[in-house]
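Here's a quick briefing to read alongside the sequence and the 3D view. Start with one residue, then zoom out.

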Amino acid sequence: KRPARENDELKAHTRTYAVHKKEAELAVQARFNDLGGCDVYILRPHIFAGAAVHNYMIDCIRGTAYGPGRIGRMLARRKSKLPIILPMRRQYLEHKLQFAHVDDVARLIAWILGRGKASDPLTILNVASRGDSLTVAQCAEIIGTPLRRLPTANICRALINMMWNMGVTSIPPDS
């Protein structure tokens with residue numbers, strides 16, 4: 001697989017988060033001409049990472065994806081670590097993730113704000129880190145989050161959905 005390019009078609013169609021990002025970007029693209037000549041930059045960062053970052057993906061990898069329910073709040077108070085739940089097939093361990101550190105994204109935004117008028121009024125930038133992507137297995141090992149392997153993806157989905165409905169986890173069921 002090659003890295004995504006800025007002119008690649010947006011293909012999000014199933015994951016709620018990705019679909020929302022696609023819809024927001026298409027709305028901006030459709031309306032940027034109405035902004036009176038302002039330069040418009042669309043940044044497509046990977047998963048935001050950093051010491052103070054909390055999003056469901058980072059919290060899941062850290063094992064701190066606590067939901068708003070009674071059990072989720074209790075786990076958070078105890079600083080318990082939730083495992084990463086994956087199906088048995090090896091492809092799930094080898095799924096690659098790429099991160100963008102919030103400080104790097106902030107530097108990019110500062111650079112954009114400090115530069116002069118762009119040659120193209122609409123600029124789309126994929127924002128990626130240097131180096132190779134990490135596998136889920138590597139992320140779990142680096143952070144020390146336990147992995148729990150279940151026989152099938154359907155069982156994993158059912159468990160995550162149950163934990164979401166009980167308020168145990170903040171991981172959306174469609175992730």
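Leucine 93 touches Leu86, Thr135, Val136, Ala137, Leu147 and Arg149, leaving aside residues up to four places away in sequence; a contact here means heavy atoms within 4.5 Å. This is a predicted model, where local features need pLDDT of at least 70 and side-chain atom pairs count only at pLDDT 80 or more, while totals for chains, interfaces and linings use all residues. Residues are numbered from 1 along each chain as its sequence is written, and side-chain values use heavy atoms, with hydrogens and water left out.

**More on leucine 93**
- You'll find leucine 93 in helix H4, residues 90–93; helices (H or I, at least four residues) and strands (E, at least two) are DSSP runs, numbered from the N terminus.
- Leucine 93 is buried, at a relative accessible area of 14%; buried means under 20%, exposed over 50% and partly exposed in between, using a 1.4 Å probe and protein chains only.

**Helix H7**
- H7 covers residues 153–165, so 13 residues, and spans 18 Å from first C-alpha to last, close to the expected 18 Å, which is 1.5 Å times one less than the number of residues.
- Its buried residues are Ala153, Cys156, Ile160 and Met163.
- Looking down the axis of H7, those buried residues fall within an arc of 90 degrees, so they line one face of the helix; the arc is that of the directions from the helix axis to the C-beta atoms.
- An α-helix has 3.6 residues a turn, so residues three or four places apart point the same way.
- The buried residues of H7 pack against strand S3 (84–87), H4 and strand S8 (147–150).
- Over on the other side of H7, Asn154 and Asn165 are exposed.
- Just after H7, glycine 167 takes a positive phi of about 75 degrees.

**Glutamate 25**
- Glutamate 25 belongs to helix H1, residues 16–31.
- This glutamate 25 is buried too, with a relative accessible area of 8%.
- Not counting residues up to four places away in sequence, glutamate 25 touches Leu10, Ile42, Arg44 and Ile124.

**The whole protein**
- There are seven helices and eight strands.
- The C-alpha atoms fill a box of roughly 50 × 35 × 30 Å along the principal axes.
- Of the 175 residues, 31% are buried.
- Among contacts between residues at least 6 apart in sequence, 73% join residues at least 24 apart.
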